[in-house]
Amino acid sequence: MKLGKTQFVRNIALGLASFFLISGFSTWVASSAAAAGSTLVGEIKDVASTPLSGVRIDVTGPNGFATQVTSDAMGKWQVEVTSTGIYDVTLDQSSLPSGQALTDVTKATRKINVLMLGTAITVLFLIGPGAEKTPILDQSVQLLADGLVLGIIIALAALGLNLVFGTTGLTNFAHGELLTLGGLLTYFFSAIAGLPVFAAIPIAVALSAFIGGYLQDRLLWKPLRKRGTGLIAMLVVSIGFAIFIRYVFLFIFGGFTRQLPQFAGQAGLEIGLVSITPKSIISTSVGLLLLAGATFWLLRSKMGKASRAVADNPALAAASGIEVEAVIRSVWILGALLAAFAGIMVTLNQGVSFLMGQDMLLLIFAAVTLGGLGTAYGALVGSLVIGVLIQLSTLIIPTELKYVGALLILIIILLVRPQGILGRKERVG
Amino acid sequence: MDFIFIAQQSFSAALGVNTIIFALAAIGLNMHFGYTGLLNFGQAGFLAVGAYSVATLVVSFNFPLWAALLAGIFNSVILALLLGLPTLRLRADYLAIVTIAAAEIIRQIARSATFNEYLGGSDGITGKFGKDFFALNPFKSGLNTPFLRYNGNDLWVVITGWALVIVVLFVMWLLVRSPWGRVLKSIREDEEAVRSLGKNVYLYKMQSLIIGGIVGSFAGFVYALSRQSVQPDNYGTALTFFAYTVLILGGAARVFAPIAGSIIFWFLLVFIEQMLRQAVSAGYIPEWLIGVNQVGQIRFMLVGLGLMMLMIFRPQGIFGDRKELALDARA
Amino acid sequence: MPAPSQNTSRRDIALAALAGITPTPGVSKPDPIIVADHVVRKFGGLTAVNVSHLEIQRGAITALIGPNGAGKTTFFNLLTGFDQVDEGSWSFNGVKISGTPPHKVARMGMVRTFQLTKALYRLTVIDNMRLAATNQKGESILRAALPFLWNAQEKATTARSEELLTRFKLIDKRDDFAAALSGGQRKLLEMARALMVEPELVMLDEPMAGVNPALKQSLLGHIKDLREEGMTVLFVEHDMDMVRDISDWVIVMAQGVIVAEGPPNIVMRDKAVIDAYLGAHHDSTLEQDRG
């Protein structure tokens, strides 16, 4: 693509202007979110990932620093420190609920070396069953519920990825950043612009759909398609794009995990054997509605059917009068919308950081591959299976390795049934 | 603005430890992706296996260094087999996903608290496991010239590292121009045609995966020994993607391209960072535009942007042949 | 099989061997190189191939014809190991090869070409040829890095490649990338390359597809030469002129089943064959209706 001189100059000017905008913006954001030091954070959970609240954490450090915090309803605690040095973080075992104990009592105190400021350091305490063991059935049901919620989050993200792959052939490694975008925009509109979270969410979703869906296709992928760029080349471009966007997020919002100003700590409701927070109930229900809506759109609406036609055979679809570009545009917008909400669901529970997209991306790929690349329901089925598998696996393997379990399952499935659960058994090799 | 300092830093970086590490990683990737068409997105995993083998075996099990290095090579062969056996019969995208997953599994296990005792958890392993290696150093005083500046240890790593790179490159060159290399290049073009001529495609792909993986583990050795430390988060997907950037910058499927790509990559990265840092401290760039802490982030933004521009406008890299690329019906 | 002498070509021998055979589907041949039994391949609900018995005569040129979707290429893929069969077995020179992977089938002496030519674009013409040579020491990873172990063999391979390229009139393109060749030249290259393997049986999948008339004669000549050199040829084609011109025996498939086989002139007039191509209500011969 030979660029004319005026076009070249115009692009440079646009680039510089965007950079100034982003930079100024980032300063505004940084000044609103005070972060003059480092934060020690942690999450106290039992083997079933149920948060343990009211657990006391003592922190002592250089210059006579000493403080005590208590884990909140989500089991979370955090301590701000303003100087570098070695800190002792001790878990007060007497404050653990009955039936819970440190798996290794010699590790009640962790030594944390804060090397530089401006970071968040996670402190891990492994909690296991003490004298009383939670029955396996109760644990399993809770984990199943958690797994379904996780599955719905992944499904929202995976559906968009699958649709884009189906209609354009692009494996978009930058898809995870759409989740981050949704979370960060919600954070911006609520924590910085001051809107209530309920209002921030729809604004963030709409804006994400526009920027991450419409604009991304219009400004980046559509021109590449027109040039006839190959699929592997576009894959690598998406990798570069993901890296770029991720660091733009870091540049603007900094490295900390940001929590939303409301609902950060919420007690769980006991419903039968399951403990679930009201915000989870609401967000999961909305998520399910969105999924149902998207599926209905795919099956029944004119655009939806057209998109399945394009995914099946673009040349034939175009020849039958379907406007392929319009279909691709709507697929991108829908995909970005769903992914943004998935990011918001994650943000509601654990906050948002610039790395959220990267962390989720692999799970999304696993779900799509498991379900069957390119199939309509495949992403849905695969996501639910992955979500449930991840959570249930913690019955057997340590919680911190639960993603490993999911990835191993993915590899095994590829060995045994490479077309995925719903894929057709065609030549995959 | 201290331009002499900037020049010294940039040129030292261009020929320095990071360049060697990424050159080796990219040479391995060149075998996989450049010559055989294998989408290995888990090269970081091979580096991790090499690095951790050395660190763990010397620190926790008191292996002599040379034995740990051999074990590292052996482990990378095992990893290649584990990755290749299920996936080399499948479509290219499946290999991509499995290799990313595998590298991520390795990183998660390395940073887990469960294996803390041997693998060091999220803090990694720091220790004098390079003792035997640095004991051989005849240049303990380092180097201090206007363009290049290295301390004693780094100088030794740089010298031995480049020697290693040259040896590896020579072997690669021999392999690539042999009939074996010809089969690989044919596989990249069209596997079915190669099968119809009686060649066992699967075997060749596996051999390519193993060799590229071994070279990747060499990169891991340099990474671990140069710092006498291994940190799990250094071996994430970012490492693999930067290796790809280096490879594509130089021009995939050119034997010496990974070296050129790596030198240019690190020169630019350090040069830009130093220029920005000094400009910001000197006040040429206002604080509200770029804060002092944000200079590092800009570097990575530029890497991402650079990779995109490369693939869009010059996918053949600096030394690749546009014609050769244009002929590929697939890409 | 008797060897050709001064006055009898291999063509004559082939025709003589096939002369007395009754032209019915599945009939046995005096010296079969391939024997296939009960070969079935289904895709979902559709039965693509259902061949109860088939024998291919050694040293002859056999054509496999039939309307689109008859299962010819699928049958090809099955025989050469490029697709997996649901039921059935077949043998090559008496050795059972069903289930053998395609590269092993090729090494046993059964080489195929593809409908869409698979010239290796980013390799030069001479490299395309050199690739195909068998038993190359330099292809072993253990020897590859030590050129002195395989240099001599490589020189011999190059010489043989150049001989074949000269015969196929491609020698001037020796150092060009295969992508720079025209479609017809790529077809010639694929055929020349197949000969480097020194096969016993050459299976050509629509060799005339997309080839201009001038080149067609050249290709026909090369195929006849294959027979003269003692190879057996099996090809799939739609071009009836070609089929009539050079085949010694014709097999007709329709909807996965063999509906007829025999010498070309007899098969072309067979009612079952005409029905298969044109639908049941037609009473002219294939040749009359060729427009």
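**Exercise 1. Into which domains is chain C divided, and how far apart do their C-alpha centres lie?**

Solution. Start with the bounds: domain 1 of chain C takes in 10–116 + 198–278, and domain 2 of chain C covers 120–180. Notice that domain 1 of chain C is written as two stretches.

**Exercise 2. What is the mean pLDDT of chain C, and which of its elements have the lowest and highest values?**

Solution. Keep in mind that this is a predicted model. Then go element by element. Helix 11 of chain C (residues 271–278) comes out lowest, with a mean of 74. Helix 4 of chain C (residues 125–132) comes out highest, at 94. For the model overall, the scores are ipTM 0.85 and pTM 0.81.

**Exercise 3. How many residues of chain B are in contact with chain C, and which element of chain B gives the most?**

Solution. First, count both sides: 27 residues of chain B meet 30 residues of chain C. Second, list the elements of chain B that supply two or more residues to this side: helix 8 (152–176), helix 9 (179–189), helix 10 (191–196) and helix 11 (201–227). Third, pick the top contributor, which is helix 9 of chain B with eight residues. Finally, sort the chain B side by type: 11 nonpolar, seven polar and nine charged residues.

**Exercise 4. How is chain A divided, and how many residues of its domains are in contact?**

Solution. Chain A splits into domain 1 (38–134) and domain 2 (137–416). Their C-alpha centres lie 31 Å apart. At the contact, 13 residues of domain 1 of chain A meet 14 residues of domain 2 of chain A. The domain 1 side of chain A is made up of five nonpolar, six polar and two charged residues.

**Exercise 5. Which residues have the most contacts inside the largest nonpolar core?**

Solution. This core holds 290 residues, and the ones with the most contacts inside it are A:Ala157 and B:Leu24. Helix 5 of chain A (residues 231–253) gives the most to the core, with 18 residues. Now zoom in on A:Ala157: leaving out residues up to four places away in sequence, A:Ala157 touches A:His175, A:Leu179, A:Leu338, A:Ala339, A:Ala342, A:Met360 and A:Ile364. Last, look for a second, separate core: that one has 15 residues, including A:Ile57, A:Trp77, A:Val79 and A:Val114.

Definitions and conventions: Residues are numbered from 1 along each chain as its sequence is written. Chains are lettered from A and ligands numbered from 1 in the order in which they are written. This is a predicted model: local features need pLDDT of at least 70, side-chain atom pairs count only at pLDDT 80 or more; totals for chains, interfaces and linings use all residues. A nonpolar core is a set of buried Ala, Val, Leu, Ile, Met, Phe, Trp, Tyr and Cys residues joined through C-beta atoms within 7 Å. A residue is buried if 20 or more other C-beta atoms lie within 10 Å of its own, exposed if 12 or fewer, and partly exposed in between; C-beta atoms are placed from the backbone. Helices (H or I, at least four residues) and strands (E, at least two) are DSSP runs, numbered from the N terminus. Two residues are in contact if their C-beta atoms, placed from the backbone, lie within 7 Å. pLDDT is the predictor's confidence in each residue, from 0 to 100. Ala, Val, Leu, Ile, Met, Phe, Trp, Tyr, Cys and Pro count as nonpolar, Asp, Glu, Lys and Arg as charged, and the others, Gly among them, as polar. Domain bounds come from an automatic or database domain assignment.
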